[in-house]
Amino acid sequence: MISSYDVIRKEIFEHLPFLIYWSDCVGTKPSAENALEYAFKYYKKLHNTKLDENIEKIADDYLEKVISYYNAEYPDKSFGKHVAQFIRAFKLGNEQKKERTEIKTDDFKWLPGKLQQNHNFEKISKEFDFAWKTARLWQLLKTRGQEQLILSFLGINEEMSQDEQKKSLPVSSENKLPIEISKKLDCICFEETQFLKENIDFFSPEFMTKHDMCIFLKKACLSSIKKLKGNNVVDVAASNARIKPLDSIWLLGRFYGIHPYALNFISQEMPSRAIKQIVGLESSPFLDWKERDIDELIKSETIRVGNRNYPLAEVLMTIYSNGRLRTLLEQKSKEIIEGKEQNPYKSLYNTILKEGSKTSFISSIDLTKKEFQKFAKKRPGLFKALIFLGSFPDFIFKYAKELEANNHLLDDIKDPRIIGTFLISAIVSEGLENEKNLFIITYDDFDSDNLFAAAMILIIWYSMSVLKEIRSNAKQMGAQS
């Protein structure tokens, strides 16, 4: 479900009309069945009067082709017919159909066979896949008396009666956590994977506070890139990083609201960006950077920082401000270098242009400046809050055209809770997964004072940027006149 959620989150403007309708309906009438029901109703003009008739026809054609595939072409005939009946029942909206109450159908694909070649079908299939997987998980949690977890994840957070609260999970129950585990949560430090594997069942709001869960997650992060050798803890090469049990803890942490990163931020081959942030849980070597000749750095594909090697582009984008790096590389990327078939600066320059943004606060951070290094070391909470909040104005600048084009839809939102959670999650994750972030950031890494100070810094920075742009435009207009 979360993987499907991330797909929609990443392509949020492409799915915005669906998300707004679905969010308003499910937020008003939250239930597992409605989570799937309203995906079908969105594509029916009878229920969604704003739907374009052409889109209704495309969606109807799509569903009929999916049903036809599972009825006739799916290898397992009995399972295929079951899936076809399941989809048909929701498509018809027949309240008497028993199949509609049984959402937990075994895994199947919403974009099977030849349908994958149709872009319109691909978009629609992602929305049905998300709604279906949400409904399945919702139904499962409800049978376990844990419905509040899915409500919280989606951002609904309904007011519950006292009787309902008793059936739901408590916010925290420290007395339930074994004391030997509780003692281990006093510090962010390496823990052997065996300890994490044996105690993963305690990683939930039923046993841990959110702070404890943040510590447990960070221990799992460190255990993926370190190991015990004799009596010493040593680094593991990036190629040997251990994804288990971090992957399970990472998934649960996302669902319980401990972090907003995408699930694929970590992977079997641990990305350098993830390793860089995990290393920062102890002490980021990037905050001890000493100025180096960029002409020397460009000769190697990787650069050693601290005890590890990182890709050249990743290091340069982390250390230099985006503007300064562009200035350093722009002219060099145009030069013809004797003895070189390709200019090594060119691909790097293109990467910088693709990754960076001229108006970005986060990309303006320059760690070659000792003052900024000292600031990040002395005020890590404020630095993390800046990274956390810095992506909000960046997001607005980056997607200004999309926001303007969809302004009429945003004005029509009746229940902002679910769609608001989607938008905030998309914005925050974009900042945390930025090349400038040096730390794995969870929701307890800064307090309200840090957030307020970060907000003030961002307001001042953007005010100065806008003023600078106004003056620049006025100067250009004056020169032209």
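Leaving aside its neighbours within four places in sequence, which residues is Leu51 in contact with? They are Tyr42, Tyr43, Lys44, Lys45 and Glu56, where contact means heavy atoms within 4.5 Å.

## About the model

This is a predicted model, in which local features need pLDDT of at least 70 and side-chain atom pairs count only at pLDDT 80 or more, while totals for chains, interfaces and linings use all residues. Residues are numbered from 1 along each chain as its sequence is written, and side-chain values use heavy atoms, with hydrogens and water left out.

## Overall picture

The protein has 23 helices and four strands; these are DSSP runs numbered from the N terminus, with helices (H or I) of at least four residues and strands (E) of at least two. Of its 481 residues, 48% are buried. Buried means under 20% relative accessible area, exposed means over 50%, and partly exposed lies in between (1.4 Å probe, protein chains only).

Among contacts with a separation of 6 or more, 71% are between residues 24 or more positions apart. The accessible surface comes to about 25,200 Å², and carbon and sulfur atoms hold 51% of that; areas come from the Shrake-Rupley method with a 1.4 Å probe, and for residues only the protein chains shown count as cover.

## Back to Leu51

Leu51 sits in the loop between α3 (32-42) and α4 (53-72). Leu51 counts as buried because its relative accessibility is 4%. Its C-alpha atom is 9.2 Å from that of Pro17, a residue 34 positions away along the chain.

## Around helix α12

Let's move on to α12 (residues 246-255), where Leu246, Ile249, Trp250, Gly253, Arg254 and Phe255 are buried. The buried residues of this helix pack against several others, including α1 (2-10), α6 (119-143) and α22 (416-432).

Two backbone details flank the helix. In the loop between β2 (232-235) and α12 lies Pro245, which is joined to Lys244 by a cis peptide bond with omega of about 5°. Just after α12, Gly257 has a positive phi of about 80°. For context, most residues other than glycine have a negative phi, and most peptide bonds are trans.

## Salt bridges

The whole structure holds 30 salt bridges, each being a side-chain nitrogen of Lys or Arg within 4 Å of a carboxyl oxygen of Asp or Glu. One of them pairs Lys219 with Glu191 at 2.8 Å, N to O. This pair links distant parts of the chain, with Lys219 in helix α11 and Glu191 in the loop between α9 (179-184) and α10, 28 residues apart. Both Lys219 and Glu191 are buried.

Lys398 and Glu430 form another salt bridge, their closest N and O atoms being 3.3 Å apart. Lys398 is in helix α19 (residues 380-398) and Glu430 in helix α22, so the pair ties together parts 32 residues apart in sequence. Elsewhere, Asp60, Glu64, Arg88 and Lys91 are linked in a network of salt bridges.

## Surface patches

Patches are made of residues with over 30% relative accessible area and no salt bridge, joining like charges within 9 Å, or nonpolar side chains (Val, Leu, Ile, Met, Phe, Trp, Tyr) within 5 Å. Phe452, Met456 and Ile459 form a nonpolar one, with about 310 Å² of accessible area together. Met456 lies in helix α23 (residues 448-480) and is partly exposed, with a relative accessible area of 35%.
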